[in-house]
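Hello,

Here is the structure I promised to pass on to you. Please open it next to this message, and then read on for what turned up in it.

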Amino acid sequence: MTHGHTRKYYQVLKENPKLEWIAVSTANEDVKQIFLNSVDGIPCFDSDEAMLDAHPEIEAVVLASENSDHLRQMKLCAERGIHILSMKIPSFDMDEYDEMIKLCEENKVVCQVELELHYNPVVQRMKDIIVSGKLGKILSIKATNTTLSPVWAFPWQGVPEKSYGKRVPLKEGDNRFRGGALCDHPHIFDMLREITDSEFETLYASAAPNIRPDIEEEDMLNVIGRMKNGVIFSLDPSWSNMEERLKVPAPGWEVAPKRMEVNLIISGEKGTLMTDCFGPNTYHNGAPNDRYTVNYTYFDEWVGLIDEFVDNIRLSRLPKINLRRHRETIRIMNAVYDSISSGDVVKL
């Protein structure tokens with residue numbers, strides 16, 4: 001457990017009647033203390049191997065670790081026949097990625113990639129409207145996936161070797177490295193593939209100067225391009241919402257009213273649909289720190305995500321967001337970095 005989404009799983013893991021939460025392993029003492037202060041009664045181990053050896057009854061795991069550790073942990077699970085719910089970036093190294101696919105398929109392990117946006121009811125409603133034909137032929141899509149930066153609470157996300165997997169300069173003459181905001185936001189790339197029922201044809205990307213000059217990775221970028229079916233797109237996967245630098249996410253973390261904005265504007269021949277995926281929240285400008293504080297009122301996507309994961313295991317079913325499908329999204333994100341590096345359009 002080192003990933004920011006881990007905290008969202010706590011309640012689901014404890015309350016979902018389909019699950020029995022057996023144990024956790026933590027990567028360092030800080031993460032361990034955060035967990036022990038948040039959850040009672042669940043054994044906490046300092047290593048993955050120790051946890052799995054002590055609890056051979058474990059049937060599935062949530063792989064909520066830094067991206068650079070995923071292959072090692074997938075090997076541990078695959079050799080034991082343990083099913084995997086992986087965080088959103090299995091690996092940026094495509095050779096490693098292919099090894100993960102091979103491991104899971106040879107050992108008949110269910111590996112589902114956590115892209116929780118698919119379980120958001122607003123997104124489901126958006127998909128229904130598109131399928132109904134009310135918008136007519138889709139012409140263009142503009143999408144934002146903007147958040148505050150998680151690196152203060154989850155430091156590994158600010159370390160290129162752990163987030164991207166290695167230290168690759170963003171471009172010649174730039175002192176930043178791959179592994180920042182883009183690495184944190186695969187959702188809209190995946191959603192674009194689903195909405196258009198097409199794949200990427202060309203893209204061009206650029207990174208702006210950082211609004212956080214003391215982190216080593218990009219925090220602001222933009223991507224434009226065209227899908228193979230002709231739909232044009234503009235994507236903004238940035239850390240452009242500012243934050244207080246708290247070690248543990250909490251009310252008051254936000255400087256701007258919203259800590260996360262996923263918005264899609266879908267234009268078709270018959271009309272335009274504007275979707276605010278995380279809009280139904282309430283805000284107040286009180287303590288702490290006289291900042292806006294968010295009270296989440298939307299459906300918890302993790303409930304649906306975990307339910308599907310359980311069904312995939314019980315029914316030996318291939319997850320919708322499986323490693324083979326998600327591989328193309330990761331390839332496209334690498335192409336975004338290539339475009340930033342070269343300054344050129346990338347043909348896919």
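This is a predicted model: local features need pLDDT of at least 70, side-chain atom pairs count only at pLDDT 80 or more; totals for chains, interfaces and linings use all residues.

Two strands are said to pair if DSSP finds at least two bridges between them.

Let's begin with strand β6, which covers residues 138-147. Which strands is β6 joined to by bridges? One is β10 (residues 260-268): nine bridges link β6 and β10, and the two run antiparallel. To find this pairing on your screen, look for I138, whose bridge partner in β10 is G268. Another is β9 (residues 232-236), which runs parallel to β6 and is joined to it by five bridges. Here you can look for I141, which stands opposite F233 in β9.

Is β6 largely enclosed or open? A residue counts as buried when its relative accessible area is under 20%. Seven of the ten residues of β6 are buried, so the strand is largely enclosed by the rest of the structure.

Now for two residues in loops. K108 lies in the loop between α5 (94-106) and β5 (111-113). Its phi is positive, at about 50°, although K108 is not a glycine. D197 sits in the loop between α9 (187-196) and β7 (200-207). D197 also has a positive phi, near 50°, and is a residue other than glycine.

K108 has 72% relative accessibility, so K108 counts as exposed. D197 is exposed too, with a relative accessible area of 72%.

Enjoy exploring!

Best wishes

Key:
Residues are numbered from 1 along each chain as its sequence is written. Side-chain values use heavy atoms; hydrogens and water are left out. Helices (H or I, at least four residues) and strands (E, at least two) are DSSP runs, numbered from the N terminus. Buried means under 20% relative accessible area, exposed over 50%, partly exposed in between (1.4 Å probe, protein chains only).
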